[in-house]
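Here is a short report on a protein model. Look at the sequence and the structure first, then read on.

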Amino acid sequence: MFFNPPDKNSRLRQAQEEAEEVKVIMMDNMEKTEERKAKLQDLDKRAEELKLKSKSFHKTSMKVKEQKKCDNIKAKWKLIAVVAASAIIVILVATFMLVNRSSPENTHDIGSIPMNEGGITPTTIGPGK
């Protein structure tokens, strides 16, 4: 007759309980692994979206940089034009003033005789002398 001693049954039952505990732990680990997998996939998707947005941002920033560079060059040329125009005006005014100062119409020669009120000069020869 086959008679199992109580020791063998309790050992078997204890092994089955331990196996059941391990099974529960493994199932829990598998669920957590699936959750992590889903989170990783979501992170990958978000990272790809950020990558596309960063490319777009980079293109836009480069366009803005070039536009600002062109604006800066235009502003420098405008400043140069204003300074050059101002210099030309100053030179023209100075030249005009020098030309007017040296013209014979506005100067009094040492040899010229001033006129009196009646148009008679003091050197006029006449009966008073």
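The count of salt bridges comes to one. A salt bridge here is a side-chain nitrogen of Lys or Arg within 4 Å of a carboxyl oxygen of Asp or Glu. Asp28 pairs with Lys32, and their closest N and O atoms are 3.5 Å apart. Both residues lie in helix α1, four residues apart, about one turn of the helix. Side chains of opposite charge can pair when their charged atoms come close.

This is a predicted model: local features need pLDDT of at least 70, side-chain atom pairs count only at pLDDT 80 or more, and totals for chains, interfaces and linings use all residues. Residues are numbered from 1 along each chain as its sequence is written, and side-chain values use heavy atoms, with hydrogens and water left out.

How exposed are the residues of this report? Buried means under 20% relative accessible area, exposed means over 50%, and partly exposed lies in between (1.4 Å probe, protein chains only).

| Residue | Relative accessibility | Class |
|---|---|---|
| Asp28 | 33% | partly exposed |
| Lys32 | 39% | partly exposed |
| Lys51 | 45% | partly exposed |
| Val93 | 43% | partly exposed |

Buried residues make up 1% of the 129 residues in the protein. The protein exposes about 12,900 Å², and carbon and sulfur atoms supply 64% of that area. Accessible areas come from the Shrake-Rupley method with a 1.4 Å probe; for residues, only the protein chains shown count as cover.

The fold is quickly told. The secondary structure comes to one helix and zero strands. Helices (H or I, at least four residues) and strands (E, at least two) are DSSP runs, numbered from the N terminus. Helix α1 covers residues 6-102 and holds Lys51. Val93 is in helix α1 too.

An unreviewed UniProt entry places a "coiled-coil region" at residues 16-53. UniProt positions follow the numbering used here, feature names are shortened, and annotations may be inferred rather than shown by experiment. In the model, residues 16-53 are 100% helix and 0% strand, with end C-alpha atoms 55 Å apart.

Two surface patches remain. Patches are made of residues with over 30% relative accessible area and no salt bridge; like charges are joined within 9 Å, nonpolar side chains (Val, Leu, Ile, Met, Phe, Trp, Tyr) within 5 Å. Lys51, Lys55, Lys59 and Lys63 gather in a patch of positive charge. Lys and Arg count as positive and Asp and Glu as negative, while His and the chain ends are not counted. The place of a charge is NZ of Lys, CZ of Arg, CG of Asp or CD of Glu. Ile89, Val93, Phe96 and Met97 form a nonpolar patch, together with about 420 Å² of accessible area.
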